[in-house]
Amino acid sequence: MVQAYILIQTEVGKAAEVAGAIKVIPGVTQAEDVTGPYDVIVRAEANNVDELGKLVVAKIQAVEGITRTLTCPIVHI
């Protein structure tokens, strides 16, 4: 299982709407609108890195109002 945090920037005033839309996407375990340089932080999981990439590109980035994403895979050292 691969897990990652996805940091999202949105159009002005769209953070809550984007977080709400992302929460229902399969593979997303958490989505919160936050303050700071990013507007939404998502925690997601997939069976492997390829599936995680597909989740981000095909589903999360397709949500209206998103301007940029940064995916940060979780590592256990």
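How many helices and strands does the protein have? The protein has 2 helices and 4 strands, where helices (H or I, at least four residues) and strands (E, at least two) are DSSP runs numbered from the N terminus. This is a predicted model, in which local features need pLDDT of at least 70, side-chain atom pairs count only at pLDDT 80 or more, and totals for chains, interfaces and linings use all residues. Residues are numbered from 1 along each chain as its sequence is written, and side-chain values use heavy atoms, with hydrogens and water left out.

**Overall fold**

- Read from the N terminus, the elements follow the order β-α-β-β-α-β.
- The radius of gyration is 12 Å, close to the 11 Å that the globule rule gives for 77 residues, so the protein is as compact as a globular protein of that length. The radius is taken over C-alpha atoms, and the globule rule is 2.2 Å times the number of residues to the power 0.38.
- Along the principal axes, the C-alpha atoms fill a box of roughly 35 × 25 × 15 Å.
- Contact means heavy atoms within 4.5 Å. Among contacts between residues at least 6 apart in sequence, 66% join residues at least 24 apart.

- Of the 77 residues, 32% count as buried; buried means under 20% relative accessible area, exposed over 50%, and partly exposed in between (1.4 Å probe, protein chains only).
- The protein exposes about 4800 Å², of which carbon and sulfur atoms supply 53%. Accessible areas come from the Shrake-Rupley method with a 1.4 Å probe, and for residues only the protein chains shown count as cover.

**Annotated domain**

- An unreviewed UniProt entry places the feature "domain: Transcription regulator AsnC/Lrp ligand binding" at residues 6-73. UniProt positions are given in the numbering used here, feature names are shortened, and annotations may be inferred rather than shown by experiment.
- Over residues 6-73, the chain is 31% helix and 38% strand, and the end C-alpha atoms are 8 Å apart.

- T10 belongs to strand β1 (residues 2-10) and is buried, with a relative accessible area of 11%.
- Leaving aside residues up to four places away in sequence, T10 touches A15, V18, D39, V40, G65, I66 and T67.
- V56 lies in helix α2 (residues 49-60) and counts as buried at 5% relative accessibility.
- With residues up to four places away in sequence not counted, V56 touches I6, Q61, T69 and T71.
- V56 and V28 are 28 residues apart along the chain, and their C-alpha atoms are separated by 9.8 Å.
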